[in-house]
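Here is a short report on the spaces, domains and charged pairs of one protein model. Look at the structure first, then read on.

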Amino acid sequence: MSTHDPAALLALAAETGQEAGRVAAEGQAGIAVLDTKSTPTDVVTEMDRSVEELIRKRLLTARPDDSVLGEEGGRQAGSSGVRWIVDPIDGTVNYLYGRPDWAVSIAAESGGEVVAGVVCVPVRGEVYTATRGGGAFCNGEPIHVAPAVPLEMALVDTGFGYSSARRAQQAEVLRTVLPRVRDIRRGGSACVDLCGLARGRANAYYERGLNPWDWSAAALIAEEAGARVGGLHGAPPNSELIIAAAPGLFEELHDLLAPLGADTDG
Ligand code: LIP
């Protein structure tokens, strides 16, 4: 199958993501740390690696000429112009602790633009899907962001990095943000946070230090649900900072974060 048709890419991603989610959910009980990455708290489990291997196998068996970028397996070149961006378990610490908020994320990029995305939250029985221009769905039902509210009435999701230096700066930013908004939530999975925003479970989300696999599928889902998703000063979402909210609130939160160095490590 060499088509770039977003609907076909979405169907393959959804089938693969749900199978991967079932395997990961079955393996969650009693899971242990296999290794660490950037810091001792940045953990990887056997399931992170084996679930990504399953996803790569399913995708490349169906589409052998595609390329892949995955959190655990890195880059695999291809020639089709379609690239899969994969996070086998986003929210690994939640997964390790037996908590429900973790997700399997698969995005399909065609010609450098994400055109289809799937986020599976197995413990909650939620499968989020979107194609560019086709709307956003949870379990097949259309979803939409909550209407914009003033910043002071906004419930804001955020997250923190693994390094103590970055966390210190993120705490400094939060010290200014917290009294300016309704409240903060820290869920532990960028995918789950962005999909929650897409269905009105929060009004805004921001975080520094994410990788493309953390947000590529969920950012499309949030955009198709009506959110504006981006970085600072018109940039696309990136590892320096990602902000997502309904238009109007996005700009308010952006203008609060920009002078705080929210896109720096202090
Ligand atoms: C997680 C992100 C989350 C962030 C965590 C962690 P991981 O990704 O989804 O938003 O706050 O620190 O980076 O490491 O579980 O794949």
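## Terms and ground rules

Residue classes come first: Ala, Val, Leu, Ile, Met, Phe, Trp, Tyr, Cys and Pro count as nonpolar, Asp, Glu, Lys and Arg as charged, and the others, Gly among them, as polar. By that scheme, the lining of the largest cavity has five nonpolar, five polar and two charged residues.

This is a predicted model, in which local features need pLDDT of at least 70 and side-chain atom pairs count only at pLDDT 80 or more, while totals for chains, interfaces and linings use all residues. Residues are numbered from 1 along each chain as its sequence is written, and side-chain values use heavy atoms, with hydrogens and water left out.

## The cavity

On a 1 Å grid over the protein atoms alone, a cavity is a set of points where a 1.4 Å probe fits but cannot get out; a pocket is an open set with protein on both sides within 12 Å along at least five of seven lines; lining residues have an atom within 4 Å of a point. Grid points are joined across faces, edges and corners, and a volume is the space filled by probe spheres set on the points.

The whole structure holds one cavity of 30 Å³ or more. The volume of the largest cavity is about 80 Å³. Its lining includes Thr158, Phe160, Gln169, Tyr206 and Arg208. Helix 4 (164–177) and strand 13 (204–207) are the elements that give two or more residues to this lining. Helices (H or I, at least four residues) and strands (E, at least two) are DSSP runs, numbered from the N terminus. Helix 4 has the largest share, three residues.

## Two domains

The domain assignment gives domain 1 (6–142) and domain 2 (151–260). Such bounds come from an automatic or database domain assignment. The domain centres, taken over C-alpha atoms, are 21 Å apart.

Contact (heavy atoms within 4.5 Å) links 38 residues of domain 1 with 22 residues of domain 2. About 2200 Å² is buried between domain 1 and domain 2, and carbon and sulfur atoms give 64% of that area. Buried area is the accessible area (1.4 Å probe) that two parts lose on being put together, summed over both.

The largest pocket holds about 750 Å³ of space. Of its 35 lining residues, Phe160, Gly161, Tyr162, Arg186 and Glu207 are the closest to its centre. The lining has nine nonpolar, twelve polar and 14 charged residues. Domain 1 and domain 2 each supply at least three of the lining residues of the largest pocket.

The second largest pocket holds about 230 Å³. Among its 13 lining residues, Asp101, Val192, Asp193, Gly196 and Arg201 lie nearest the centre. Helix 5 (190–198) gives the largest share of this lining, three residues. By class, the lining of the second largest pocket has four nonpolar, two polar and seven charged residues.

## Salt bridges

How many salt bridges does a search of the whole structure find? The search finds 17. A salt bridge is a side-chain nitrogen of Lys or Arg within 4 Å of a carboxyl oxygen of Asp or Glu. Three salt bridges are counted between domain 1 and domain 2.

Glu126 pairs with Arg201 in a salt bridge, with the closest N and O atoms 2.7 Å apart. Lys37 and Glu72 form another salt bridge, at 3.2 Å between the closest N and O atoms. Lys37 lies in the loop between strand 1 (33–36) and strand 2 (43–45), and Glu72 in the loop between strand 3 (67–70) and strand 4 (74–76), so the pair ties together parts that are 35 residues apart in sequence.
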